[in-house]
Amino acid sequence: MIEVTGVLPRGSVYLAGETVKCIVTIKNLSKVSQNNVDCLAWASVQINCQCSVSDTRINLPNTRKLSSEEISPSSSDTSFVPNRGEQGMTVLSTKPRILFCDLKLRPGESKSFAFEDVIPADAPPSYRGQAIKYSYKLIIGAQMLEHPTKLLRIPFRVLVLHGMNDVSVYMDTEEVQPSNPFLKQEQNENNLLDIAMQVLATITARKAPHFYNITNAKGKVAKFILFKQAYKLGEDIVGVFDFSEGTVPCVQFSVTLQSEEQIAEECRRKVGHGSSYTSYVKHQDMCLHTEKTHVNIPVPLSATPGFMTDIVCLRWRLHFEFVTSCDPIPELERPERPDMSAMWCGPANLNVETMIWDLPIKIYPTNPLHACSSTQLKTNASITL
């Protein structure tokens with residue numbers, strides 16, 4: 001009996017363009033007393049991305065529907081067909097890498113092999129939406145002599161940072177400076193992850209605050225201050241409400257972090273299936289007689305940053321709801337002296353109306369090592385042959 005184990009040593013989250021490393025260990029589980037040698041004919045590894053869509057919302061043209069037979073023409077039990085049994089269509093499939101051929105192991109003996117491959121920079125991100133799903137798996141195929149092929153699938157997550165197709169523009173250029181023959185020259189080589197973190201730090205840095213006057217037909221409700229419009233996964237969206245200059249009494253407000261999933265026009269099953277919204281975090285507060293207050297909305301690490309493919313586009317926004325009073329509300333009479341108290345009794349009924357407002361924001365990836373803490377994907381898996 002042979003056991004095949006695959007381990008992702010760095011974790012289960014990667015940026016598109018990074019190199020995925022996997023350690024594949026083959027071990028003969030037979031007892032030493034049996035004294036028999038097992039032989040594996042071959043083992044191969046490949047990265048696949050499957051796309052599954054909702055048939056009630058998306059209608060794909062025939063040119064985009066790729067079956068398993070079109071990706072891998074040979075479908076016998078002894079061939080390596082990574083997408084066998086998978087739902088949907090294969091949108092990304094790297095070239096298979098052969099780990100070994102004709103491997104013989106004595107009872108209790110094991111051997112390990114290293115696999116490395118690069119995720120294409122233009123690959124779609126991992127995403128589980130209402131109408132479409134993109135999922136990545138590292139697939140290990142192995143076969144014993146005169147036995148059918150078995151597949152070991154290790155799921156992992158891919159984050160996409162646009163603009164990383166050509167990382168050479170971010171590389172450090174050689175500076176013209178006098179050389180010292182007594183000092184060792186250091187090579188300034190940045191890998192893709194370091195460059196991506198520098199780009200993210202620049203994009204999501206706090207710059208000048210943004211001010212928004214919130215008004216309706218009767219006057220000014222409040223002023224909202226947002227310190228930046230671009231955030232990384234795991235960051236907090238902090239904003240300030242100023243009701244001190246409002247002419248319309250605001251009784252209650254709520255702010256919800258939402259994603260908008262928009263299907264491309266040529267892929268819509270019906271005209272009304274254009275966009276769908278998903279709510280993640282909601283902040284709600286009472287604000288009558290409040291002059292200033294703030295909101296703090298965390299961006300989940302498990303969320304998918306904004307992206308666009310030929311089928312779907314994902315955007316992010318803050319959805320505001322304000323409950324305002326249609327009639328004036330008496331102000332609280334302040335006591336004459338600090339040691340005195342006053343009591344205000346609100347009206348039993350209020351004639352109110354609700355207004356909504358949507359503010360687009362940008363959500364970007366974060367460090368994949370930080371995102372690993374939120375994922376439930378296992379970094380190892382095993383099968384027996």
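This is a predicted model: local features need pLDDT of at least 70, side-chain atom pairs count only at pLDDT 80 or more; totals for chains, interfaces and linings use all residues.
Me: How do you know which residues line the largest cavity?
Reply: A lining residue has an atom within 4 Å of a point. For the largest cavity these are Asn-48, Gln-50, Asn-83, Glu-86, Ser-135, Lys-137 and Ile-139. Strand 4 (38-53) and strand 9 (132-144) are the elements that give two or more residues to this lining. Strand 9 provides the largest share, 3 residues.

Me: How many residues of the lining are nonpolar, polar and charged?
Reply: The lining has 1 nonpolar, 4 polar and 2 charged residues. Ile counts as nonpolar, and Glu and Lys as charged.

Me: Why do strand 11 and strand 17 stand at the edges of their sheet?
Reply: The sheet is open, with 4 strands in the order 11-12-14-17 and antiparallel pairing. Strand 11 (210-216) and strand 17 (292-298) each have a single partner strand, so one side of each lacks a neighbour in the sheet. From one strand to the next, the twist averages 25 degrees.

Me: What makes strand 14 and strand 17 a pair?
Reply: Pairing requires at least two bridges between two strands. Strand 14 (residues 236-242) and strand 17 are joined by 7 bridges and run antiparallel, so they count as paired. Asp-236 stands opposite Pro-298 in strand 17.

Key. Residues are numbered from 1 along each chain as its sequence is written. Side-chain values use heavy atoms; hydrogens and water are left out. On a 1 Å grid over the protein atoms alone, a cavity is a set of points where a 1.4 Å probe fits but cannot get out, and a pocket is an open set with protein on both sides within 12 Å along at least five of seven lines; lining residues have an atom within 4 Å of a point. Axes are lines fitted to C-alpha atoms, for helices over the stretch in contact, and angles run from 0 to 180 degrees between N-to-C directions.
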